[in-house]
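I opened a notebook on this structure and wrote down what I looked up, entry by entry. The sequence and model come first.

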Amino acid sequence: MPTEIQPHIQLTKKIKAKYALLPGDPKRVDKVTQYLNDVEELAYNREYKSIMGYYKNIPILVVSTGIGGPSTGIAVEELSSIGVTTLIRIGSSGALQDDIHLGDLLIATGAIRDEGTSNAYIESSFPAIATHNLVSAISDVSTRKNIPYHTGIIRSHDSFYTDHEEHIDDYWSDKGVLGSDMETSTLYVLGALRGLQTASILNVVVPSKGNLQSGINDLVGGESLPAQGEQNQILVALEAIASIHNKS
Ligand SMILES: O=P(O)(O)O[C@H]1O[C@H](CO)[C@@H](O)[C@H]1O
Ligand SMILES: O=c1cc[nH]c(=O)[nH]1
């Protein structure tokens, strides 16, 4: 049934967009508006806020996923059902390396699956990896625009306030992991299982060994480096889409 409405994102196949940007925070959806033409507000159900607009004449959907694997998994499945094929997360992250600064972008080539959702789908030996040509396009745009970025492995997790967060961060930092978020590995694994193209661009809002709460509060309050990183990640995601679209 082509017009069947997806229960959570409240969108249908009538949208006809191949490309979607996926912030976690619904407020970040509004920040994309200024980069698009002919923006239409589509739906706002639970954590799923959506708009549609055009970047260089390419239809782009922007849908927030909320926090964590379960709500992200639902978004990925429902977006796939309405015909979206390329999904780029524009998220925020805490750094796990000292040479990564506030507002730098992390382009996640792969993600440690320290969350429950992807593991509900398939055993943990299945890798969570980004689509190569997307990573390549995103890195090329960042280089061209002089935007500071790092490519490598990040860790997606389910907890924020356990009694051993510091120990966990130290462990993964020692292994060279760049930073952490809560959605990338779900996006990558479900994307691979459903034949989608996926990538994740994370804006660093908490420095390595920094204060988690104040870092996230700074982003909410519009502090300059994380706020600039947020603008950068939106621009880079859109330019990368334009670049792969023109090659297809
Ligand atoms: O800013 P978003 O995209 O939500 O990403 C990060 O911020 C949230 C935690 O504060 C988690 O969703 C984490 O992955
Ligand atoms: O440290 C952080 C900051 C934002 N989001 C995370 O998942 N971790």
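**Entry 1: terms and numbering.** I took helices (H or I, at least four residues) and strands (E, at least two) as DSSP runs, numbered from the N terminus. With that settled, I found S200 in strand β9. The model is predicted, so I kept its limits in mind: local features need pLDDT of at least 70, side-chain atom pairs count only at pLDDT 80 or more, and totals for chains, interfaces and linings use all residues. Residues are numbered from 1 along each chain as its sequence is written, while chains are lettered from A and ligands numbered from 1 in the order in which they are written.

**Entry 2: S200.** Is S200 buried or exposed? I used this rule: a residue is buried if 20 or more other C-beta atoms lie within 10 Å of its own, exposed if 12 or fewer, and partly exposed in between, with C-beta atoms placed from the backbone. S200 is buried, because 32 other C-beta atoms lie within 10 Å. I then looked up contacts, where two residues count if their C-beta atoms, placed from the backbone, lie within 7 Å. Apart from neighbours within four places in sequence, S200 is in contact with R89, G91, A108, A130, T184 and L187. I also checked S200 against T109: they are 91 residues apart along the chain, and their C-alpha atoms are separated by 8.2 Å.

**Entry 3: the nonpolar core.** A nonpolar core here is a set of buried Ala, Val, Leu, Ile, Met, Phe, Trp, Tyr and Cys residues joined through C-beta atoms within 7 Å. The largest one has 66 residues, and A20, I60, I138, I201 and A237 touch the most other members. I listed the contacts of I201, not counting residues up to four places away in sequence: I88, R89, I90, L105, I107, I138, Q233, V236 and A237. In soluble globular proteins, nonpolar side chains tend to be buried together.

**Entry 4: helix α1.** Which residues of helix α1 (residues 26-33) are buried? I found R28, V29 and V32. They sit on the same side of α1, because they cover an arc of only 115 degrees around the axis; the arc is that of the directions from the helix axis to the C-beta atoms. These buried residues pack against β1 (19-22), β3 (48-55), β4 (58-63), β5 and α8 (224-247).

**Entry 5: ligand 1.** I counted a residue as near a molecule if its C-beta atom, placed from the backbone, lies within 6 Å of it. Around ligand 1, I noted P23, G24, D25, I67, G91, S92, D181, M182, E183 and I216. For classes, Ala, Val, Leu, Ile, Met, Phe, Trp, Tyr, Cys and Pro count as nonpolar, Asp, Glu, Lys and Arg as charged, and the others, Gly among them, as polar. The shell around ligand 1 divides into four nonpolar, three polar and three charged residues.

**Entry 6: ligand 2.** The residues around ligand 2 are S92, S93, G94, S180, D181, M182, V205, V206, L212 and I216. By class I got five nonpolar, four polar and one charged. At least two residues of this shell come from each of β5 (86-95), β8 (179-181), β9 (197-206) and α7 (212-220). β5 gives the largest share, three residues.

**Entry 7: S92.** S92 is in strand β5. It counts as buried, because it has 24 C-beta neighbours inside 10 Å. Leaving aside neighbours within four places in sequence, S92 is in contact with L202, N203, V205 and L219.

**Entry 8: two loop residues.** R46 lies in the loop between β2 (37-45) and β3. R46 is not a glycine, yet has a positive phi of about 50 degrees. R46 is partly exposed, with 13 other C-beta atoms within 10 Å. N57, in the loop between β3 and β4, is not a glycine either and has a positive phi of about 70 degrees. N57 is exposed, because 9 other C-beta atoms lie within 10 Å.

**Entry 9: the record.** UniProt, in an unreviewed entry, places the feature "domain: Nucleoside phosphorylase" at residues 18-202. Such positions are given in the numbering used here, feature names are shortened, and annotations may be inferred rather than shown by experiment. In the model, the end C-alpha atoms of residues 18-202 lie 22 Å apart, and the span is 32% helix and 35% strand.
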